[in-house]
Amino acid sequence: RFIVQRATGALNVAFTVFLIWLVVRLASADATSMGDLLANPIVAMVTGLMIISTPIHMRIGMREVIEDYVHDDKLNRLCLLLNTLVAAVIALATLAALAKLVFWG
């Protein structure tokens, strides 16, 4: 867990630089230009990796908070399960949105 949290944290710094570039690039673009840029395989791949890395990092961080502050064993397991579920839903929903933009405009 420690190594994964540090690795995703470092990746998220690089992804933040990419995200700033993407937002600046799309700031004055019309819908067609936005679709074309997001359909670029490299941009789509980096965006997809960012979408995967961020919920993983979030899940690990929230797990630490839950383990530190939730002391009841059953409630702790429930919170950890919900934490994993929320992270998975966020990742799947945003990957689905990206896939829609990339493949269907």
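So, a salt bridge here is a side-chain nitrogen of Lys or Arg within 4 Å of a carboxyl oxygen of Asp or Glu. With that cut-off, searching the whole structure turns up two salt bridges. And keep in mind that this is a predicted model.

One of those pairs is Arg63 with Glu67, where the closest N and O atoms sit 3.0 Å apart. Why about one helical turn between them? Because Arg63 and Glu67 are four residues apart in helix 3. In general, side chains of opposite charge can pair when their charged atoms come close.

Now, staying with helix 3, how does it cross helix 4? Their axes come within 10 Å and cross at roughly 170°. Anything over 145 counts as roughly antiparallel, so helix 3 and helix 4 are roughly antiparallel to each other. On the helix 3 side, the contact residues include Ala44, Gly48, Ile51, Pro55 and Met62, and also both Arg63 and Glu67 from that salt bridge. Facing them from helix 4 are, among others, Asn76, Leu80, Ala87, Ile90 and Val102. If you sort the residues of this contact by type, you get 15 nonpolar, six polar and three charged.

Okay, over to the other helix pair. Helix 1, residues 2-26, and helix 2, residues 31-39, have axes that come within 10 Å and cross at roughly 150°. That makes helix 1 roughly antiparallel to helix 2. Helix 1 brings Trp21, Leu22, Arg25 and Leu26 to the contact, and helix 2 brings Met34, Leu37 and Leu38. By type, that's six nonpolar, no polar and one charged.

Last thing, the surface. Which residues form the nonpolar patch there? They're Met58, Met62, Val65, Tyr69, Val86 and Ile90, with about 540 Å² of accessible area together. Helix 3 (41-69) and helix 4 (73-104) are the elements giving two or more residues to it. Helix 3 has the largest share, at four residues, while Val86 has its place in helix 4.

Key
Residues are numbered from 1 along each chain as its sequence is written. This is a predicted model: local features need pLDDT of at least 70, side-chain atom pairs count only at pLDDT 80 or more; totals for chains, interfaces and linings use all residues. Side-chain values use heavy atoms; hydrogens and water are left out. Axes are lines fitted to C-alpha atoms, for helices over the stretch in contact, and angles run from 0 to 180 degrees between N-to-C directions. Angles under 35 degrees count as roughly parallel, over 145 as roughly antiparallel, 65 to 115 as roughly perpendicular and the rest as oblique. Contact means heavy atoms within 4.5 Å. Ala, Val, Leu, Ile, Met, Phe, Trp, Tyr, Cys and Pro count as nonpolar, Asp, Glu, Lys and Arg as charged, and the others, Gly among them, as polar. Patches are made of residues with over 30% relative accessible area and no salt bridge: like charges are joined within 9 Å, nonpolar side chains (Val, Leu, Ile, Met, Phe, Trp, Tyr) within 5 Å. Accessible areas come from the Shrake-Rupley method with a 1.4 Å probe; for residues, only the protein chains shown count as cover.
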